[in-house]
Amino acid sequence: MKPIQTYSVVPKLPKNLKPLWDLAFNFWFSWNDKVEALFSRIDARRWRESDGNPVAFINAMSQQELTDLSNDQLFLDRLGETHAELVGYLGKTVSAVEFKAREDGQPVVAYFSFEFGIAPALPIYSGGLGILAGDHLKSASDLNLPLVGVGLCYQQGYFRQYLTPDAWQNERYPVYDFEQMPLTLVSDEQGHPVRFGVEFQGQDVQVQLWKAAVGRVALYLMDTNIAENPSEFRQLTTRLYGGDLEMRLKQEILLGIGGVKALAALGLTPSVIHMNEGHSAFAGLERIRVFMKHKGLPLEAAMELTASSCVFTTHTPVPAGNDRFPPDLMQRFFEPYARDMGLAFKVFLALGREDPRDDAEHFCMTVLALRLSRFNNGVSRLHGKVSRKMWERVWPQFPLEDVPIGAVTNGVHQPTWVADEMALLYDRFLGGNWREDPDCGRVWRNADTIPDAELWRTHERLRERLVGFVRQRLRDELLARGARHKDIEAADDVLDPQALTIGFARRFATYKRANLLLRDKDRLMKLISDPARPVQFVFAGKAHPRDNEGKRLIQELVQLCRSVDCRNKMVFLPDYDMECATYMVQGCDVWLNTPRVPLEACGTSGMKAMANGVLHVSTLDGWWAEAYRRDNSLGWAIGQGEIYDDPEHQDFVESQTLYTLLESDIVPEFYERGHGGLPRSWTRRMKRALLELGPVFNAHRMVEDYARQAYIPASENFRTLAADGFAKARELAEWRMEMMTRWGGTAVRSVQAREAAGRLFVGEAVDVVCEVNLNGIAPEHVSVEIYAGPLDHEGTFTARKAKAMEPAGNTSDGWLRYAGMLKPGEPGRFGFTIRILPRHPNLLDPRSLGLIRWA
């Protein structure tokens with residue numbers, strides 16, 4: 001028996017409590033401790049049990065409780081102050097980054113992501129990618145950028161982890177009620193849900209939208225769990241990273257194509273699309289189709305307009321992390337779509353292939369995103385370099401260093417991750433600007449003024465709080481497993497609130513090497529059993545449900561943690577989530593990261609820990625490769641960033657290096673105490689790390705980098721190409737076709753430079769001339785350049801600079817003569833060559849066409 005009609009019954013708030021709804025339905029509460037304090041003041045136990053979800057908290061209150069609260073004047077005063085702060089925040093009109101010709105009420109940027117980690121109250125994230133996306137939205141809100149988020153609303157989210165008695169990871173999938181979460185179903189002016197259709201193999205699937213307010217930024221989440229949809233399509237938004245390859249393809253169609261349709265249904269017209277990882281690459285295809293169908297643009301013009309206004313961020317240097325689909329699966333879903341775009345299906349598939357001529361190659365979402373964006377980046381400097389190597393086949397004509405993939409190093413939203421106690425300390429000594437302007441070096445220079453005693457005592461309180469959290473979570477896990485009463489009581493004895501505490505928390509992929517510490521158990525036992533200088537470890541993390549090797553790592557680690565010798569000194573926290581991460585990055589003394597170089601794209605958990613004064617120990621991978629100082633003044637490095645041919649040997653060498661670091665440097669320095677029991681050397685490192693790294697590795701800096709390096713140029717280029725009925729877009733497309741047609745006939749000959757017996761002095765000028773055949777291409781549409789720099793022992797450029805040459809007349813047979821000059825800046829082997837690149841005033845990056853001619 002099912003009801004013929006359903007209702008959502010919510011408490012009727014007295015008028016003077018209505019501001020509670022405003023606070024509850026804006027995720028601003030997730031980085032504003034005053035809101036949490038306000039709800040906790042009502043009922044601290046219930047607030048904890050609500051998992052920080054203010055909507056569920058309010059809905060659990062009785063009418064009598066609300067009436068009593070409405071008569072509490074002290075509470076009403078606090079409510080009024082907090083609500084006024086929210087209203088003031090939302091009313092801010094000044095933006096940290098100004099966009100030209102910004103249309104009121106319209107976003108400039110649409111940020112697409114498969115997952116978003118905003119707060120535990122919205123569990124649609126799995127790990128670093130989603131948390132990064134959430135921090136991106138929060139900083140965009142703080143900076144008042146005209147940005148909107150687009151994602152999927154998963155009813156079961158990512159799995160919750162629990163361990164069997166033999167320590168094997170199992171998964172459970174709670175069903176979430178969106179109406180009990182800080183989400184609003186998007187409706188039109190008549191109060192009807194906004195819906196639109198997305199086609200899957202000829203089947204029209206209806207989609208509705210939920211809105212999450214993230215400060216000033218709106219996040220729209222698509223949901224197919226609608227009664228009108230067939231069951232197989234209702235499942236599309238059930239689980240994050242669930243199902244088989246076909247389910248993944250359907251979800252990515254929904255995110256990309258459906259996301260563009262969602263923006264249209266909402267009446268939003270962003271000029272820039274930011275694809276956060278390749279999952280959303282189909283958004284570029286749908287933009288092309290829309291420009292063709294609704295603006296009358298030819299395919300080439302639509303592609304240029306789309307690519308010139310798309311930004312793509314790749315997040316993984318691991319090949320398995322880049323989605324690939326077999327041609328037959330793509331044909332089932334995309335052959336009619338390609339035909340609608342006027343593309344032969346083979347040409348369509350070529351958009352997603354590293355080698356467009358290989359008919360057997362699978363369709364890669366990362367390759368599609370790279371081809372449909374003129375702004376491509378990795379998430380750290382090292383990851384940018386690794387990405388250029390991974391995807392150099394997409395631009396086979398270019399040297400590795402010239403592959404058009406840059407880097408914008410990730411950052412973290414510090415107001416979210418910095419502990420309340422540490423935030424109060426920063427407020428006193430850094431000033432409130434650390435929240436509003438965290439990428440300002442002048443603000444963080446004041447970290448030196450924090451008294452050692454206050455910094456250390458604050459940190460000690462956070463360690464004690466972490467120990468209390470660990471004990472409670474272990475008790476809850478043991479109760480859920482039906483453990484013996486004696487074992488449950490023993491959970492209250494794990495860890496020592498005064499001992500050196502080392503944290504390791506991340507996805508249990510094999511390359512992250514959670515078991516590196518276990519390779520020499522004798523040295524490990526010696527470390528944790530020293531009564532004079534105790535050391536303890538807190539581990540957490542999940543393995544992918546289909547990653548049995550990762551599950552075996554967890555099992556090995558947990559079994560060791562449960563052993564008699566280790567159970568009070570080593571703890572594995574099950575069900576790693578944002579709440580657990582918060583306690584760990586705030587309360588550990590050392591944050592440990594052991595990825596096999598160069599497989600860690602960034603590693604933002606270390607940044608969160610650093611922002612709380614936690615010192616970092618890591619291989620030189622991801623962000624630590626650019627943050628680490630050789631004098632160890634900010635933290636420690638495991639190795640020197642070497643890349644080994646033998647992974648087994650690498651693991652052995654780096655495990656020994658880690659033990660030596662712990663035994664000889666880290667543990668002795670932590671327990672080296674001066675007057676008042678203060679570790680003066682340790683606190684100096686804490687403050688030095690805050691001073692140097694705080695203003696750099698934060699999400700405000702990251703978002704401003706994206707704005708200045710990508711969003712603004714992409715937006716301005718869109719406006720230019722779209723003006724006057726897309727005249728410039730059509731012109732650029734015609735020019736591109738001419739380049740493709742004529743480029744094969746270009747050539748360089750007769751390169752001459754002054755002979756100097758093979759020797760030059762530093763700074764000595766060398767005149768270079770050459771002759772060029774442009775095959776009918778106008779000279780203003782090419783750049784002829786000297787490509788010069790120092791060489792290694794194999795004659796390969798180790799660095800290079802390109803300097804433009806100028807026309808210097810014609811030859812008798814119609815070739816053009818060009819002249820230029822080079823000056824070697826340093827002693828050593830030095831060389832040069834000549835290259836020709838296409839040039840157009842509306843072409844953002846000449847490398848994007850893949851056309852180049854070398855002498």
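Biologist: Which residues line the largest cavity?

Modeller: This is a predicted model, in which local features need pLDDT of at least 70 and side-chain atom pairs count only at pLDDT 80 or more, whereas totals for chains, interfaces and linings use all residues. Residues are numbered from 1 along each chain as its sequence is written, and side-chain values use heavy atoms, with hydrogens and water left out. A cavity is a set of points on a 1 Å grid over the protein atoms alone where a 1.4 Å probe fits but cannot get out, and lining residues have an atom within 4 Å of a point. For the largest cavity the lining consists of P123, I124, Y125, S126, Y158, F159, R160, K542, Y576 and D577.

Biologist: How much space lies in the largest cavity?

Modeller: The structure holds 2 cavities of 30 Å³ or more. A volume is the space filled by probe spheres set on the points. For the largest cavity, that space is about 80 Å³.

Biologist: Which residues line the second largest cavity?

Modeller: The second largest cavity contains about 40 Å³ of space. Its lining is formed by E252, E277, G278, H279, G321, N322, D323, M365 and T366.

Biologist: Which residues in α11 meet α29?

Modeller: Helices (H or I, at least four residues) and strands (E, at least two) are DSSP runs numbered from the N terminus, and contact means heavy atoms within 4.5 Å. Helix α11 covers residues 299–307, and helix α29 covers residues 699–742. On the side of α29, the residues involved include F718, L721, F726 and M737. Those that meet them from α11 are E300, A301, E304 and L305.

Biologist: Which residues of helix α15 are buried?

Modeller: Buried means under 20% relative accessible area. The cover over the buried residues of α15 includes β13 (375–378) and β14 (406–407). Within this helix, which spans residues 381–390, the buried residues are H383, G384, V386, S387 and R388.

Biologist: Why does V108 count as buried?

Modeller: V108 lies in the loop that connects α6 (73–90) with β1 (109–113). Beyond residues up to four places away in sequence, V108 touches F99, R102, P146, P270, S271, V272 and S715. V108 counts as buried because its relative accessibility is 7%.

Biologist: How far apart in space are L268 and V148, C-alpha to C-alpha?

Modeller: L268 is placed in the loop between α9 (245–265) and β9 (272–276), and L268 is buried, with a relative accessible area of 15%. Leaving aside residues up to four places away in sequence, L268 touches G105, Q106, P107, V148, Y220 and L263. Although L268 and V148 are 120 residues apart in sequence, their C-alpha atoms are separated in space by 9.2 Å.

Biologist: Which residue does a cis peptide bond join to V597?

Modeller: The omega of this cis bond is about 5 degrees.

Biologist: What is the phi of L495?

Modeller: L495 is located in the loop between α21 (485–490) and β15 (500–505). At 5% relative accessibility, L495 is counted as buried. Its phi is positive, in a residue other than glycine, and lies near 65 degrees.

Biologist: What is the phi of R513?

Modeller: R513 sits in the loop between β15 and α22 (521–528). R513 counts as buried, with a relative accessibility of 1%. The phi of R513, again positive in a residue other than glycine, is near 55 degrees.

Notes
1 Å grid on protein atoms, 1.4 Å probe; cavity = no way out; pocket = protein on both sides within 12 Å on 5 of 7 lines; lining within 4 Å. Axes fitted to C-alpha atoms, helices over the stretch in contact; angles between N-to-C directions. Buried < 20%, exposed > 50% of the residue type's maximum accessible area, 1.4 Å probe, protein only.
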